[in-house]
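Hi,

Here's the structure I promised to pass on to you. Have a look at it first, and then read on for my notes.

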Amino acid sequence: MNNKIRKPLVAGNWKMNGNNELVRDFVKCLEKTSDVDVVICPPSCYLTAFEQAQFSLGAQNVSSFTSGAHTGELSTSMLKECKVSYVIVGHSERRENHGEANDIVASKVKAVIEAGLVPILCVGEPLEVRESGQVFDFVKAQLDAVASVCSNTYIELAVIAYEPIWAIGTGKTASPEQAQEVHAFIRKELAQLNASAAQSIRLLYGGSVNASNANELFAQNDIDGGLIGGASLKIEDFTAICQAAS
Ligand code: PGA
């Protein structure tokens, strides 16, 4: 991966896991890396506990609204006050379990970019779509929805994570070739909107990445790092994954 022009990025998505002890352990033990951008996305209630951290902070979700009667939601300005720099948008668990359709995801990406934060836009297909050979169409529709509400410059400001839903939390990683094929497709699609930005945007792979398979995945031409779920909860594993990206 060293010969790539893009700086690798590894983001840990803790989902609804972790506690004060894990926060303390990460702040104490996770080593700073200069050649990889490392982002930890804990549950929002722990964001401020990371104030002195040696890595960047990400949120797992955000509201597209700026303020008001939206019980349970957090705005981009609130996240900025918690020193957040990245926001995961459109994770499949939010799309599937919290009704986030493509248009909602698109409005969130827009809000995040307008606030000066970096969206980690998640795309990826369910198993039946892969089995029916419709992966590219499915991912294209997810990308097109965002492009239709954001100007093409969004590509200069975003990170995109390809996460096949059948690989998330299942232990069934996409093969490096399967992942690379979709990453190359995404970069090609983005190039039609903004050719130079498509070369510099970082595309992450997510879905059962672990310390053993990270090397091979990150060695692919268009894979610039990972969005890590389960393995981001163990410092040793997460450290090994960050090293694999460097
Ligand atoms: P996983 O999750 O690494 O546990 O498969 C990845 C994700 O959901 O971002």
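How many nonpolar, polar and charged residues does the lining of the largest pocket have? The lining counts 5 nonpolar, 9 polar and 4 charged residues. Before I go further, please keep in mind that this is a predicted model.

Some more on that largest pocket. The space in there comes to about 450 Å³. Its lining is made up of 18 residues, and the ones nearest the centre are Lys-15, Gln-60, Asn-61, Arg-94 and His-98. If you want an element to look for, pick helix 3 (residues 92–97): with 3 residues, helix 3 gives the largest share of the lining of this pocket.

Now for the ligand. You'll find that the space it takes is the second largest pocket, which holds about 180 Å³. This pocket has 20 lining residues, with Lys-15, Gly-169, Ser-208, Gly-229 and Gly-230 nearest its centre. Sorted by class, the lining of the second largest pocket has 7 nonpolar, 11 polar and 2 charged residues.

What surrounds the ligand itself? There are 13 residues around the ligand, and the closest are Lys-15, His-91, Glu-163, Gly-169 and Ser-208. This shell splits into 4 nonpolar, 7 polar and 2 charged residues.

A few distances are worth checking on your screen. His-91 has a polar side-chain atom 2.7 Å from an oxygen atom of the ligand. On the backbone side, a polar atom of Gly-230 is 2.8 Å from a ligand oxygen, and a polar backbone atom of Gly-229 is 2.9 Å from a ligand oxygen. As for cover, the ligand taken alone exposes 280 Å², and the protein buries 95% of that.

Enjoy looking around!

Terms used
Residues are numbered from 1 along each chain as its sequence is written. This is a predicted model: local features need pLDDT of at least 70, side-chain atom pairs count only at pLDDT 80 or more; totals for chains, interfaces and linings use all residues. Side-chain values use heavy atoms; hydrogens and water are left out. A residue is near a molecule or strand if one of its heavy atoms lies within 4 Å of it. A polar contact is a pair of N or O atoms within 3.5 Å; within protein, one must be able to donate a hydrogen and the other to accept it, and residues adjacent in sequence count only if both atoms are side-chain atoms. Accessible areas come from the Shrake-Rupley method with a 1.4 Å probe; for residues, only the protein chains shown count as cover. On a 1 Å grid over the protein atoms alone, a cavity is a set of points where a 1.4 Å probe fits but cannot get out, and a pocket is an open set with protein on both sides within 12 Å along at least five of seven lines; lining residues have an atom within 4 Å of a point. A molecule sits in a cavity or pocket if more than half of its atoms lie within 2 Å of its grid points. Ala, Val, Leu, Ile, Met, Phe, Trp, Tyr, Cys and Pro count as nonpolar, Asp, Glu, Lys and Arg as charged, and the others, Gly among them, as polar. Grid points are joined across faces, edges and corners, and a volume is the space filled by probe spheres set on the points. Helices (H or I, at least four residues) and strands (E, at least two) are DSSP runs, numbered from the N terminus.
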